[in-house]
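Take the sequence and the model side by side.

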Amino acid sequence: MKIFQAIVDSVLGKPIRKIISKDKVIYLTFDDGPNRHCTPKVLELLSKYNARATFFVVGKNVECNVDVFNQIKNEKHSIGNHSYDHNYMPFFKGVKRLRQWIEFGEDAIVKQLGVSTVGFRPPAGIRTPELRYIMYKRKECLILWQHRFYDTVSLFTDDKWKKKFSSIESGDIILLHDSHKEPDEFLNSLENFINALINAGFKLCALPSQ
Ligand SMILES: [Zn+2]
């Protein structure tokens, strides 16, 4: 798997998957929000543990949920660009259209709401040579993740995070989603996961700007 990843990285550019720091930190990231049902509850949980995280928001969802977005911002979490509409088609329409689409998503956050982002995470982590070129021109790296739990495909359970827990290292970026329509079970496991990380000595931090 690591060899395969290295080959893909050599063709499509090496994304950020972890950030080495002298502190023992973990970067939780939540994609696809803000969501009216789920995001405020995730924020409540993070606040309970004095934890910070990063929210890779979808521009369209920001426009529909400005109050939730402002809550993320006011509670000192960081914000990432996860595109305007979570569409996959712009990846197949050439460099110019792809760049415009990325910048349109960024504008929905930066210009309209006055928030700078930590960077771009493509929907589903899609990478193409065109995207590599655009990131090079923008002097940015894509932000992906070191661990994910496919929590949009099937429920995020204690079993899922326990299975991977021993492989989690300081600096790792972890992908989760704050888009769950009925988030109660997700939140239960998330709280257990946060507790386990804190008990293992990790500090939960927001991603810094590039
Ligand atoms: Zn997504």
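Predicted model: local features only at pLDDT ≥ 70, side-chain atom pairs only at ≥ 80, totals over all residues.

The pattern follows a general rule. In a regular strand, side chains alternate between the two faces of the sheet.

E2 has partners to follow. E1 and E2 run parallel and are joined by three bridges. Within that pairing, phenylalanine 30 stands opposite phenylalanine 55 of E2. How does the chain get from E1 to E2, and with which hand? The chain passes through H2, and this β-α-β crossover is right-handed.

E2 also pairs with E3. The sense is again parallel, and there are four bridges between E2 and E3. Valine 57 has asparagine 81 of E3 as its bridge partner. Strand E3 spans residues 78–81, and both of its faces are covered. Ser78 and Gly80 are buried on one side, Ile79 and Asn81 on the other.

Now the core. The largest nonpolar core holds 47 residues. Tyr27, Leu28, Phe55, Val57, Ile174 and Leu176 have the most contacts inside it. The strands are E1 (25–31), E2 (54–57) and E5 (173–177). The helices are H2 (39–48), H4 (66–74), H5 (94–113), H6 (129–137) and H8 (184–199). Which element gives the most? H8 does, with five residues.

Leucine 176 is worth a stop. Set aside its neighbours within four places in sequence. Leucine 176 is then in contact with Leu28, Thr29 and Phe30, and also with Phe149, Asp151 and Phe156.

Turn to the helices, starting with H6. Leu131, Ile134 and Met135 are buried there. These three cover an arc of only 100° around the axis, which puts them on the same side of H6. The other side of H6 carries exposed residues: Pro129, Tyr136 and Lys137. What do the buried residues of H6 pack against? They pack against H5. Just after H6, lysine 139 takes a positive phi of about 55°.

Helix H1 has another setting. H1 covers residues 2–12, 11 residues in total, and the number buried is zero, so H1 lies largely in the open.

Tryptophan 161 sits in helix H7, residues 158–164. Is tryptophan 161 buried or exposed? It has 22 C-beta neighbours inside 10 Å, so tryptophan 161 counts as buried. Leaving aside neighbours within four places in sequence, tryptophan 161 is in contact with Phe149, Ser189 and Phe193. Tryptophan 161 and asparagine 192 are 31 residues apart along the chain, and their C-alpha atoms are separated by 9.3 Å.

Cysteine 64 is in helix H3, residues 59–64. This residue has 12 C-beta neighbours inside 10 Å and therefore counts as exposed. Arginine 36 is 28 residues from cysteine 64 in sequence. In space, the two are 9.1 Å apart, C-alpha to C-alpha.

Step back to the whole chain. The protein has eight helices and six strands. From the N terminus on, the elements run α-β-α-β-α-α-β-α-α-β-α-β-α-β. Of the 210 residues, 37% are buried. Take the contacts with a separation of 6 or more: residues 24 or more positions apart account for 81% of them.

Last, the overall dimensions. The C-alpha atoms fill a box of roughly 45 × 45 × 35 Å along the principal axes. How does the radius of gyration agree with that of a compact globule? For 210 residues, a compact globule would have a value near 17 Å; the protein has 16 Å, which agrees.

Conventions
Residues numbered from 1 in each chain as written. Buried ≥ 20, exposed ≤ 12 C-beta atoms within 10 Å, placed from the backbone. Helix = DSSP H or I, 4+ residues; strand = E, 2+ residues; numbered from the N terminus. Core = buried A, V, L, I, M, F, W, Y, C linked by C-beta atoms within 7 Å. Contact = placed C-beta atoms within 7 Å. Pairing = 2+ DSSP bridges. Arc of directions from axis to C-beta. Rg over C-alpha atoms; globule rule 2.2 N^0.38 Å. Right-handed = clockwise from strand over helix to strand, strands pointing away.
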